[in-house]
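Trainee: Please take a close look at the aromatic rings in this model. I would like one connected account of how they pair up and what sits over them.

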Amino acid sequence: MAPLQVHVKHAGKTLDVNLDTSLPPAVFKDAVYQVTGVPPERMKVMIKGGVLKDDTDWKKVAPKAGQTFMVIGAAGELPKPPEKPIVFLEDMDESEIAEALSLPVGLKNLGNTCYMNATVQAMRAIPELQTALSTSPHLDVLPRALRDLYSNMSRTTEGYIPTTFLTVLRQAVPQFGEIDRSGKNGMLGGYAQQDAEECWTQLANGLKEVPGIDATGNTMAGGRRFVDQFMMAEMRRELKCDEAPEEPSTVTIEKVLKIECNISATTNYMHTGIKDAMNSQLEKNSPSLGRQAVYSQTSRLSRLPSYLTVHMVRFAWRRDIGKKAKIMRKVKFASEFDALEVVTDELKSKLTPVSSRLKSIEKERAERRKVRKRTKVAQEASSSSRPAEENTDVEMAPASEVPGDLEEESVYRVRELQELETLADADLKNDYGCSMTGLYDLVAIVTHKGADADAGHYIGFVKKSVFHAKSGDGPAFDEDDEDWYKFDDDKVSVFPREKLGTIDGGGEDASAYVLLYRSKPLA
C-alpha cells in the first residue's frame, strides 16, 4: 500500500508528513520528529480515543489521506543535515560502491531500544550462533525470531526495523516492556530504557535450548546445547575461614555466562578488576566457631569457552540517592586477553604448551607479513620506475610468486596447525566449543553513554574481520586491518582501532560496558 499524505499540527504550524500503515507507529513518530523537532520519547500524537502508542494497530486508527494529527511535546534541536552531501549509488564509481555495500546494516531505534540493538549487533560476532540457529530444525520462539532477524539483516543494505524481534523479546522478558514513568506529574511516556548487560544475559538464557553443533556445523541431536558449548565458562570457587584456618574449606563449581570486572577507586586496567572480582571476602556463619566469621573466597575458571564475556561493573547502588549510579572511572581494556592468569592450576597446565607456542607463532606471522609488504612496495617502486617502452616487452612474474625465500602463507599455516595439535591437550580436544589456547581477541563491545543507569544511550562495536571471514569468495581480507564497525542504531560507520582508547570511560561519554572475546584458534 502506498504511503498516505497526512498533516501534523504542532505549535500553530501545519506540516506535511508521509504515513505508511505497513510500518509501526514508531516509524511515523520518527517522521514527525524530522519536521517538528519533537523527540519521540516526549512526543504525543493524538488520535481518536487517546494517544498513538508504539504498538497501536493502524487498522483500528484507519487513517485517511489529508487527515490532520495533533502533536503535543516540546521541540528540541532539529535533526542536523548530513555533514557530507548524499551520494547515490548511480553516482559512485566501482570502488565507492564496493565500500558502501560492504558496511553491515544497522537497526532502527523503535523508542529506547538501543540496548537491544547494540546487544544484537554484538552477538553477530559469534558466527557459530548463526550456524546453530540456521541448522536446527526445532527452535523456540525467541531463538527463531533471532534467526529470522539475522537472516533479514543479511539480505538488505538499509537500516532494518526489528519490530517482530522486539515484540517477541518483550513477550519472553516482560521487564523489557516496562513503561517510562519518569515524566512530569507522573505522566507515562514511551517504553523505558533498559540495561544492555541484562539484555545480553536474558538473550543468552533464551538461547540455552538451542542445540549444539559439531565441527562441520551440523546440529548435534540429543547432545550438548550451543550456549553450554561456546559461551558458558565454569568457575571453581573455594571458601576458607580466615578466623578458623583449621576449618575445612568448601569448593563449588558454578557455570557462568560472564566474568565480572569490578571497578574501585584504584582500578586502572581490566585485568586487575577481574582479579579483584575473583578474590573477595564475605561474612557467613562458621560451623566451627558457632558465629559469623570472615571468609576469603578465591574463584578461578576451570573451563574457558570459545567466547568469553566480560562485564564491566559500571553501575552501583547508592544509598544516598536511592538508585543506581554510573562509575565514571577510566578503565583500560585489552584488545588481546591472556586468561591463563585467572584459571585453575589444572587448566593452566593443559593450556600452557599451546599458549606459549602460539605466542611465538604469532610473532613469526607478523614478521612474515612485514617482509611481504616491504617486498611488494619495492617491486611496485621498481616497476613504476621503468620506462614505458621497456615495460611493454618485460615478462611479468606470476601473481602467486612470494617475496624472497618465503613460501606461500598456507604452507606455514598447515605446518603450524600440525605442531599445535600435537601440543593440544586431549581433554580440550574432546570439548568442542572450549578454548584450546587460553588466548583471546576482542571482537565486540557494547558501550553506555550517559550518567544514569536507567537512561543514556547504548552503542555496539564489532571488529571488521568478523564480517570478512576467510572464504574463497570476494577479495582477501587484510589481516592487518584492525578497524571496527560502529553500530549506533541504524547509523553504521567505520571506527578506527586507534580510537578504542576513547571508550575506556572517564566521563559521561561512551564507556565500554560489555566486552566479547573470541578464543584464538590453532590455525
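**Aromatic rings and their partners**

Mentor: Start with a charge over a ring. In this predicted model, the charged end of K284 sits over the ring of Y295, 4.6 Å from the ring centre.

A pair of aromatic rings is described by two values, the distance of the centres and the angle of the planes. The structure holds twelve aromatic pairs. One of them joins Y115 and F176. Their centres are 5.4 Å apart, with 50 degrees between the planes. The pair is tilted, because planes count as edge-to-face only when over 60 degrees apart and as stacked when under 30. Y115 lies in helix α4, residues 114–123. F176 lies in the loop between α7 (163–172) and α8 (196–206). The two residues are 61 apart in sequence, so their pairing ties together separate parts. Y115 and F176 are both buried.

Next, look at F461 and F495. Their ring centres are 4.9 Å apart and the planes stand at 65 degrees, so this pair is edge-to-face. Here the link runs from strand to strand: F461 is in β16 (residues 457–463), and F495 is in β18 (residues 491–495).

Finish with a group of three. F28, W58 and F69 form one aromatic cluster.

Key
Residues numbered from 1 in each chain as written. Predicted model: local features only at pLDDT ≥ 70, side-chain atom pairs only at ≥ 80, totals over all residues. Heavy atoms only, no water. Phe/Tyr/Trp six-rings, centres within 6.5 Å; stacked < 30°, edge-to-face > 60°. Helix = DSSP H or I, 4+ residues; strand = E, 2+ residues; numbered from the N terminus. Buried < 20%, exposed > 50% of the residue type's maximum accessible area, 1.4 Å probe, protein only. Lys NZ or Arg CZ within 6 Å of the ring centre and 35° of its normal.
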